[in-house]
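Here is a short briefing to read alongside the structure. Keep the picture open and look up each residue as you go.

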Amino acid sequence: MNNNSDNSELIKCDVCLKEVPISGAKSVETSDYVAHFCGLDCYDKWLKKTDEEKQSIGEKKQ
Ligand SMILES: [Zn+2]
């Protein structure tokens with residue numbers, strides 16, 4: 001029996017935009033929003049991306 005009820009809500013992965021059940025997703029609360037990931041791979045990519053963005057902001061010379 002495959003009884004999909006409303007506790008299998010889908011969220012979109014912040015990195016690859018794949019829809020995954022919220023119960024199996026990894027989520028991280030930032031100061032602005034909650035980011036969701038389909039797995040640790042995407043979480044890792046997001047971490048690196050966020051890190052690079054922070055660094056490029058620090059290196060801005062304008
Ligand atoms: Zn993903």
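Aspartate 44 has its place in helix H1. The model you are looking at is predicted, so treat every value here as computed from that model. Let's begin with this helix residue and then work through the rest of the chain.

- Is aspartate 44 buried or exposed? Aspartate 44 counts as exposed, because it has 12 C-beta neighbours inside 10 Å, and a residue with 12 or fewer falls in the exposed class.
- Valine 15 is 29 residues away from aspartate 44 in sequence, while their C-alpha atoms are 9.7 Å apart in space.

**The chain as a whole**
- The protein chain contains one helix and four strands.
- Read from the N terminus on, the order of these elements is β-β-β-β-α.
- The protein chain has 62 residues, and 15% of them count as buried.
- Take the contacts between residues at least 6 apart in sequence: 23% of them join residues at least 24 apart.

**The S3 and S4 pair**
- Strand S3 (residues 26-29) pairs with strand S4 (residues 34-37) in the antiparallel sense, over four bridges.
- How many residues does the hairpin use to join S3 to S4? The hairpin joins them through four residues.

**The nonpolar core**
- Which residues make up the largest nonpolar core? There are seven: Cys13, Ala25, Ala35, Phe37, Cys38, Cys42 and Tyr43.
- S4 and helix H1 (40-59) each supply at least two residues of this core.
- As background, nonpolar side chains tend to be buried together in soluble globular proteins.
- Alanine 25 is one of the core residues. Leaving out residues up to four places away in sequence, alanine 25 touches Ile11, Val20, His36, Phe37 and Cys38.

**Glutamate 19 in strand S2**
- Glutamate 19 is found in strand S2, which covers residues 19-21.
- Glutamate 19 counts as exposed, because 11 C-beta neighbours lie inside 10 Å.
- Apart from its neighbours within four places in sequence, glutamate 19 is in contact with Leu10 and Lys12.
- Cysteine 38 is 19 residues from glutamate 19 along the chain, and their C-alpha atoms are separated by 7.7 Å.

**Two loop residues**
- Where is leucine 17? Leucine 17 has its place in the loop between strand S1 (10-12) and S2.
- Leucine 17 is exposed, because it has 9 other C-beta atoms within 10 Å.
- The phi angle of leucine 17 is near 65°, a positive value in a residue other than glycine.
- Glycine 39 has its place in the loop between S4 and H1.
- Lysine 26 is 13 residues from glycine 39 in sequence, and the two are 6.2 Å apart in space, C-alpha to C-alpha.

How values were computed
Residues are numbered from 1 along each chain as its sequence is written. This is a predicted model: local features need pLDDT of at least 70, side-chain atom pairs count only at pLDDT 80 or more; totals for chains, interfaces and linings use all residues. A residue is buried if 20 or more other C-beta atoms lie within 10 Å of its own, exposed if 12 or fewer, and partly exposed in between; C-beta atoms are placed from the backbone. Two residues are in contact if their C-beta atoms, placed from the backbone, lie within 7 Å. Two strands pair if DSSP finds at least two bridges between them. A nonpolar core is a set of buried Ala, Val, Leu, Ile, Met, Phe, Trp, Tyr and Cys residues joined through C-beta atoms within 7 Å.
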